[in-house]
Amino acid sequence: MMSFKSFVLLSLSLAAIAAYAYAQIAPGSNAYLPPTKNGYDYPEPNKPFQPAQPGRNGGSRPAPSPTRPIPGQPGDDHVHMPGMPFDFEYAVQDPDTANDYAHKASSDGDVVTGEYRVQLPDGRTQVVRYTADWKTGYHADVSYEGEAQFPQGPAAGGRGGGGGGGAGGYKY
């Protein structure tokens, strides 16, 4: 039989041998060490980055020219590829859940025109008619149909408390 001291000594020796073997087998498996070199296969920059001083051009970027296109607008070198023409429409009218909305749109490949309608909680219908093209972007005309109607609160002398049980409101 093996004594307790011999068992502990043998266990510690085996643990040390296993730790040494693991360190030799899996080098670099410790994700908390910094990467070697710069971590990538490209050379480090010769000149370190220095942010431009406020109010100055910084010297590395050319000054904006008056002929430069507006951000978000196509430049002079833009080649337009027309998209696929499409035409779609859908509508949902469900009085039980107060859902009432619709959308229809069509495109010739260059210009998209459409309209969508949403019934608002106050009873009005918001109508958005839009046109979008590759050169000028999205243009919308928003209008409303109907009059806003808000639920009435409790009658004078009734239960107060702002909107709880029996005060009316939206039904879903």
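Analyst: A salt bridge here is a side-chain nitrogen of Lys or Arg within 4 Å of a carboxyl oxygen of Asp or Glu. Keep in mind that this is a predicted model, where local features need pLDDT of at least 70, side-chain atom pairs count only at pLDDT 80 or more, and totals for chains, interfaces and linings use all residues. Residues are numbered from 1 along each chain as its sequence is written, and side-chain values use heavy atoms, with hydrogens and water left out.

User: OK, how many salt bridges turn up in the whole structure?

Analyst: The search finds four. In one of them, the side chains of E115 and R129 meet at 3.1 Å, N to O. That pair links distant parts of the chain, with E115 in strand 3 and R129 in strand 4 (residues 125-133), 14 residues apart. Strands are DSSP runs of E with at least two residues, and helices are runs of H or I with at least four, both numbered from the N terminus.

User: Is E115 buried or exposed?

Analyst: E115 counts as buried, at 15% relative accessibility, while R129 is partly exposed at 36%. The cut-offs are under 20% relative accessible area for buried and over 50% for exposed, with partly exposed in between (1.4 Å probe, protein chains only).

User: What does R117 pair with?

Analyst: R117 forms a salt bridge with E145, and their closest N and O atoms are 3.0 Å apart. E145 lies in strand 5 and R117 in strand 3, so the pair ties together parts 28 residues apart in sequence.

User: And which residue does D122 bridge to?

Analyst: R124, with the closest N and O atoms 2.9 Å apart. D122 is buried at 10% relative accessible area, and R124 is partly exposed at 24%. Separately, salt bridges that share partners join E115, R117, R129 and E145 into one network.

User: Switching topic: what's the strand order in the sheet?

Analyst: The sheet is open, has five strands in the order 1-2-3-4-5, and the pairing is antiparallel. Two strands pair if DSSP finds at least two bridges between them.

User: Which strands stand at the edges?

Analyst: Strand 1 (86-94) and strand 5 (137-145); each has a single partner strand, so one side of each is left without a neighbour in the sheet. Strand 1 is joined to strand 2 (residues 99-107) by nine bridges, and Y90 stands opposite H103 in strand 2.

User: What share of the chain is buried?

Analyst: Buried residues make up 8% of the 172 residues.
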